[in-house]
Amino acid sequence: MMGSVTFPDGTTIPALGMGTWTLGDRADRRAREIAALRAGLDQGLKLIDTAEMYGNGRSETLVGEAIAGRRDDVCLVTKVLPSNASRRAMPASCRASLRRLGTDRIDLYLLHWQGGIPLDETVEAFERLKQDGLIGAWGVSNFDDDDMAALSRLAPAGACAANQILYSLDYRGVEFDLLPADRRRGVVTMAYSPLGQGGELLRAPVLARIAARHETAMGPATPAQVALAWVLRQPNLVAIPKAGSVAHQRENAAAADIALSDDDLATIDRSFPPPTRKIPLAMI
């Protein structure tokens with residue numbers, strides 16, 4: 001059964017969402033990718049994450065087409081580039097994203113990573129967009145624990161809704177400090193690339209062994225579903241894997257059927273050990 005996460009403003013969504021990195025890059029895949037996003041919405045995957053950077057806006061345009069007529073079914077997340085995160089540039093960037101997305105509001109607007117614009121200026125710009133009704137909430141992406149601590153000293157209490165970070169079996173460093181710290185701060189973690197990159201993670205023999213122990217509504221579990229279920233076990237976290245086809249989207253959704261046992265988790269830990277010290281936040 002799929003869990004849920006609750007943002008500081010009380011909004012609750014399923015703990016499994018949809019990422020869109022590279023979606024929209026190829027015209028010959030467009031119809032299939034739109035169908036995948038719509039299939040995810042049909043299965044209750046409410047959150048869709050995109051960014052102005054993805055395909056120079058092509059991903060946002062594709063998402064806008066996919067959600068046309070279904071805007072109220074979606075928790076819509078997009079991201080502003082650090083170079084556009086100033087008091088002057090952010091409103092124009094936000095409005096450009098809104099036009100591509102075909103909507104009048106962004107539910108959650110994230111700073112893609114920290115750049116040269118002073119963070120207090122970015123916070124001010126976010127708060128102004130909230131006041132103007134263009135965004136519902138704001139957050140950050142690729143912020144490590146010290147970055148989040150600095151942000152908490154600048155922003156109003158509870159203002160930062162989310163921190164989107166790389167988290168998967170092969171990038172567990174955030175378990176040492178960042179994940180528990182964000183839970184204490186009331187900040188929702190968004191896990192991007194939860195299935196790793198390039199397929200290498202999913203070829204790990206341990207995942208195949210554990211998959212053989214589990215069933216989903218689609219049938220026998222797959223290594224990818226085990227890897228995704230492992231990420232989804234964390235409280236206060238929403239995972240945003242990408243799926244470019246309806247079949248892949250359904251496979252991702254079925255990962256919510258898997259409840260990993262203590263023995264499963266211990267077996268995974270032996271192949272992918274948890275961190276025992278601070279590890280700098282990884283980014284891809």
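Helices and strands are named here as DSSP runs, numbered from the N terminus. In this predicted model, Asn236 is found in the loop between helix 8 (223-232) and strand 11 (237-239). Phi of Asn236 is positive, near 60°, in a residue other than glycine.

Helix 8 is mostly covered, with 9 of its 10 residues buried. The buried residues include Ala224, Val226, Leu228 and Trp230. Arg233 lies over the face of Trp230, at 4.0 Å from the ring centre.

**Other positive phi values**

Ser193 also has a positive phi, about 50°, although it is not a glycine. This residue, Ser193, lies in the loop between strand 8 (188-192) and helix 7 (205-211). Ser193 counts as buried because its relative accessibility is 11%, and the cut-off for buried is under 20%. A further positive phi, near 70°, belongs to Gly102, which follows helix 3.

**Helix 3**

Helix 3 (residues 89-101) has 13 residues and reaches 19 Å from its first C-alpha to its last, close to the 18 Å expected at 1.5 Å a residue. Its buried residues are Met90, Ser93, Cys94, Ala96, Ser97, Leu98 and Leu101. In an α-helix there are 3.6 residues a turn, so residues three or four places apart point the same way. The elements that cover the buried residues of helix 3 include helix 2 (58-66), strand 4 (75-80), strand 5 (106-111), helix 4 (119-131) and strand 6 (135-141).

**Aromatic pairs**

A search of the whole structure finds 4 aromatic pairs. The rings of Trp21 and Tyr54 have centres 6.3 Å apart and planes at 20°, so this pair is stacked. Trp21 lies in the loop between strand 2 (12-14) and helix 1 (30-42), and Tyr54 in the loop between strand 3 (47-49) and helix 2, so the pair ties together parts that are 33 residues apart in sequence. In the pair of Phe126 and Trp138, the ring centres are 5.0 Å apart and the planes are at 5°, so this pair is also stacked. Phe126 in helix 4 and Trp138 in strand 6 are 12 residues apart, and their pair links distant parts of the chain. Ring pairs join Tyr109, Phe126 and Trp138 into a cluster.

| Residue | Relative accessible area | State |
|---|---|---|
| Trp21 | 34% | partly exposed |
| Tyr54 | 8% | buried |
| Phe126 | 1% | buried |
| Trp138 | 0% | buried |

Key:
Residues are numbered from 1 along each chain as its sequence is written. This is a predicted model: local features need pLDDT of at least 70, side-chain atom pairs count only at pLDDT 80 or more; totals for chains, interfaces and linings use all residues. Side-chain values use heavy atoms; hydrogens and water are left out. Helices (H or I, at least four residues) and strands (E, at least two) are DSSP runs, numbered from the N terminus. The expected span of a helix is 1.5 Å times one less than its number of residues. Buried means under 20% relative accessible area, exposed over 50%, partly exposed in between (1.4 Å probe, protein chains only). Contact means heavy atoms within 4.5 Å. Rings of Phe, Tyr and Trp (its six-membered ring) pair if their centres lie within 6.5 Å; planes under 30 degrees apart count as stacked, over 60 as edge-to-face and the rest as tilted. A charge sits over a ring if NZ of Lys or CZ of Arg is within 6 Å of the ring centre and within 35 degrees of the ring normal.
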